[in-house]
Amino acid sequence: WIAFPFFIMYAIAVLGNITLLLVIKTDPSLHEPMYLFLAMLAFTDLVLSTSTLPKMLAIFWMGSGKIGFVSCLVQLFFIHTFSSVESGVLMAMALDRYVAICRPLSHSSILSVTVVVALGAMVLIRGVLLVTPTCFLIHRLPFCHHHIISHSYCEHMAMVKLSCGDTRVNAIYGLFVALLVAGSDTFLITVSYTLILREVMKSPTEARRKAFSTCVSHICVILAFYVPALFTFLTHRFGQSIPPHIHIMVANLYLLIPPTLNPIIYGVRTKKIRDRVLLLL
């Protein structure tokens, strides 16, 4: 029975993000930086949720609790690469909000379509380059004990803990990647919104209200992604006292809540997208 809420959330995520992609692709007026970044976010959410949910539902409903070692590494690669991409896209969206609010006259020249595509490509390349060594480091490890992962998907530290060899390099590199990605992205997001807040406080009341309204959606999406992600990351290393079922549940929701909520948040709060979706329906 616990699989049914996951299935419903997955269906909402797939339908919502595909709708966003179709609306943005077919409407030339939405080919602006904000909506192009949103399309990147929707595509990333589709990859993240589809990398985990079909296998998760197979475990719950068909008892398919086995996965090949290579398949497990492939799933790990997609999950961690596109988690990094999602973090990078959220950072790019924060920079877009900063330019739009603090330097509105230069917005189109600073964030042209070429620059937006280049940012997306850089974020993807960063994820691939950082996560690929992780797969090779796991591949070289010896596994001589049980091969049961206490998760419904292949997670880096969950696989590392199965090894009977020296895993210090894996743990250090995993920590380095997590701190590099999350640390740099959250720093830039924090700086962007600090500068936005400082600029907004100088504006008249009506302009201030409009600016706050523009940023609320993005802040909600950031919290939905980073809060469970940080919980999962910290409990793997320091949360030995937390019951395993809570850790597993939050780890599952970490890869499912953002893909489910993102199209709902942006679809409801962004008037242009809301109008296009209603017209499409």
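Colleague: Where does Ser84 sit?

Modeller: Ser84 is in helix 3, which covers residues 69–102. Bear in mind that this is a predicted model.

Colleague: Is Ser84 buried or exposed?

Modeller: Ser84 is buried, because its relative accessibility is 6% and the cut-off for buried is under 20%.

Colleague: And what does Ser84 touch, leaving out residues up to four places away in sequence?

Modeller: Val123, Arg126, Gly127, Val181 and Asp185. Val181 and Asp185 are also among the buried residues of helix 7.

Colleague: Which other residues of helix 7 are buried?

Modeller: The list also includes Asn170, Tyr173, Gly174, Val177, Ile189, Ser192, Tyr193, Ile196 and Val200.

Colleague: What's behind that kind of spacing in general?

Modeller: An α-helix makes a turn every 3.6 residues, so residues three or four places apart point the same way.

Colleague: How does the span of helix 7 compare with what it should be?

Modeller: It agrees. Helix 7 runs over residues 168–200, so its 33 residues should span 48 Å at 1.5 Å a residue, and the end C-alpha atoms are 47 Å apart.

Colleague: Back to helix 3. What about His80?

Modeller: His80 is in helix 3 too. His80 counts as partly exposed because its relative accessibility is 23%. Beyond residues up to four places away in sequence, His80 touches Val131, Glu155 and His156.

Colleague: What lies 2.8 Å from a polar atom of its side chain?

Modeller: The backbone oxygen of Asp45 is at that distance from a polar side-chain atom of Ser49.

Colleague: Helix 2 also has a tryptophan. Where does Trp61 stand?

Modeller: Trp61 is found in helix 2. Trp61 is partly exposed, because its relative accessible area is 41%. Apart from neighbours within four places in sequence, Trp61 contacts Ala3, Phe4 and Phe7. The C-alpha atoms of Trp61 and Ala3 are 7.5 Å apart, although 58 residues separate them along the chain.

Colleague: Which aromatic cluster is Trp61 in?

Modeller: One formed by Trp1, Phe4, Phe7 and Trp61.

Colleague: How many aromatic pairs does the structure hold?

Modeller: Ten. One of them is Phe77 with Phe78, edge-to-face, at 5.7 Å centre to centre and 85° between the planes. Phe78 is partly exposed, because its relative accessibility is 34%.

Colleague: And how do Phe225 and Tyr226 pair?

Modeller: Their ring centres are 5.1 Å apart and their planes stand at 80°, so this pair is edge-to-face as well. Both Phe225 and Tyr226 are buried.

Colleague: What's the confidence like across the protein?

Modeller: The mean pLDDT is 85, and 95% of residues reach 70 or more. Helix 8, residues 205–238, has the lowest mean pLDDT of the elements, at 73. Helix 5, residues 113–139, has the highest, at 93.

Colleague: Now helix 1. What do its buried residues pack against?

Modeller: Helix 2, helix 9, helix 10 and helix 11. The buried residues of helix 1 include Ala3, Phe6, Met9, Tyr10 and Ala13. Helix 1 has 24 residues and reaches 34 Å from its first C-alpha to its last, close to the 34 Å expected.

Colleague: Where does UniProt put the transmembrane regions?

Modeller: The unreviewed entry places them at residues 6–24, 36–61, 67–89, 110–131, 171–196, 216–234 and 246–268.

Colleague: How much helix is in 110–131?

Modeller: That span is 91% helix and 0% strand, with its end C-alpha atoms 30 Å apart. Residues 246–268 are 91% helix and 0% strand, and their end C-alpha atoms lie 31 Å apart.

Colleague: Last one: His107. Buried or exposed?

Modeller: Buried, because the relative accessible area of His107 is 16%. His107 is in helix 4, residues 107–110. Leaving out neighbours within four places in sequence, His107 contacts Pro33, Asp96, Val99 and Ala100.

Conventions:
Residues numbered from 1 in each chain as written. Heavy atoms only, no water. UniProt positions renumbered as here; feature names shortened; annotations may be inferred. Helix = DSSP H or I, 4+ residues; strand = E, 2+ residues; numbered from the N terminus. pLDDT = per-residue confidence, 0-100. Polar contact = N/O pair within 3.5 Å; in protein donor to acceptor, adjacent residues only side chain to side chain. Expected span 1.5 Å × (residues − 1). Buried < 20%, exposed > 50% of the residue type's maximum accessible area, 1.4 Å probe, protein only. Contact = heavy atoms within 4.5 Å. Phe/Tyr/Trp six-rings, centres within 6.5 Å; stacked < 30°, edge-to-face > 60°.
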